[in-house]
Amino acid sequence: MNMPDTMKENIAITDVPKIIVAIDGYSSSGKSTMARELARRISYVYIDSGAMYRAVTLYALQNGLIESDGKIKTQELIEHLPDIEVSFQKNAGKDGVQHTLLNGKDVESEIRSMEVSNNVSPIAEIPEVRQRMVELQQKFGIHKGIVMDGRDIGTTVFPHAELKIFVYAGLHERAKRRWAELQHKGTDLSYEEVYKNLEQRDKIDTTRAVSPLRKAPDAIELDNGAITHEEQMEWLMRHFQLKLEEISNNL
């Protein structure tokens with residue numbers, strides 16, 4: 001008797017040990033959106049590593065650790081790191097999405113501000129900050145069954161992740177997406193400002209000395225600059241199923 005495809009999918013997901021899905025890519029490439037949606041579809045836990053660095057940046061701003069000219073009081077921030085705890089919580093509010101907590105306080109809205117965006121890359125470049133965040137991120141993956149996105153997940157945080165995806169799109173396309181998102185939220189910034197911010201973040205992310213943004217040798221590339229969201233998710237689900245089949249065949 002032939003088995004319905006949906007039943008095959010359910011068996012594939014439930015009968016194979018849970019894995020780690022690492023999704024890396026450039027800022028505003030859509031990796032967080034696809035990671036969040038994938039986690040929802042396969043009933044995995046979603047971890048937004050970028051939000052963790054944004055939370056540290058917000059902490060630094062709130063505690064006077066970033067001067068008006070953008071200079072970071074690096075040593076003071078390093079001394080504060082043991083006091084910084086970042087966690088996630090499924091929001092009970094209307095949006096129903098996972099929110100970022102900084103020392104127990106919901107800061108999901110604050111960490112998406114342009115002020116945080118303008119300062120997060122230099123903060124994330126500090127080796128001690130990355131070490132602290134990587135330690136926290138690796139704890140989330142102890143029991144697997146997670147989807148985590150960021151810039152060094154498949155290379156540094158989980159180099160042995162079973163499925164690695166590297167997402168990219170042109171800078172112009174990413175800037176349009178980010179600008180539209182900010183406009184929707186009521187943030188009055190020009191396209192040129194958003195473009196310049198992303199251009200600078202790309203430069204910092206790809207040239208920093210510790211865990212720079214790069215594609216892992218075994219990562220699968222996805223150029224999502226000219227495809228729809230649903231096409232992107234179909235592509236991602238197909239590769240997830242193929243990986244489960246590969247693991248199942250090796251059991």
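Entry 1. I began with a pairing: Ile 20 stands opposite Ile 146 in strand 6. The model is predicted, so I note that local features need pLDDT of at least 70 and side-chain atom pairs count only at pLDDT 80 or more, while totals for chains, interfaces and linings use all residues. Residues are numbered from 1 along each chain as its sequence is written, and side-chain values use heavy atoms, with hydrogens and water left out.

Entry 2. I checked what strand 1 (residues 20-25) pairs with. Strand 1 runs parallel to strand 6 (residues 146-150), joined by five bridges. Five bridges also join strand 1 to strand 7 (residues 163-168), again in parallel. There I found Gly 25 opposite Val 167. Helices (H or I, at least four residues) and strands (E, at least two) are DSSP runs, numbered from the N terminus.

Entry 3. Is strand 1 buried or exposed? I found six of its six residues buried. Buried means under 20% relative accessible area, with a 1.4 Å probe and protein chains only. Ile 20, Ala 22 and Asp 24 cover one side, and Val 21, Ile 23 and Gly 25 the other; all are buried.

Entry 4. Next I looked at an open sheet of three strands, in the order 3-4-5, with antiparallel pairing. Strand 3 (86-90) and strand 5 (105-106) are at the edges with a single partner strand each, so one side of each has no neighbour in the sheet. Strand 3 pairs with strand 4 (residues 98-102) over five bridges. Helix 3 (residues 49-62) packs on this sheet and touches strand 3 and strand 4. I counted a contact as heavy atoms within 4.5 Å.

Entry 5. I picked Thr 57, which is in helix 3. Thr 57 is buried, with a relative accessible area of 0%. A polar atom of its side chain lies 2.8 Å from the backbone oxygen of Tyr 53. Leaving aside neighbours within four places in sequence, Thr 57 touches Ile 66, Val 116, Asn 119, Val 120 and Ile 123.

Entry 6. Last, two helices. Helix 2 (residues 31-42) and helix 10 (residues 229-249) pack at about 55°, with their axes 10 Å apart. The axes are lines fitted to C-alpha atoms over the stretch in contact, and angles run from 0 to 180 degrees between N-to-C directions. Among the residues that meet there are Met 34 and Leu 38 in helix 2, and Met 233 and Phe 240 in helix 10.

Methods: Pairing = 2+ DSSP bridges. Buried < 20%, exposed > 50% of the residue type's maximum accessible area, 1.4 Å probe, protein only. Polar contact = N/O pair within 3.5 Å; in protein donor to acceptor, adjacent residues only side chain to side chain.
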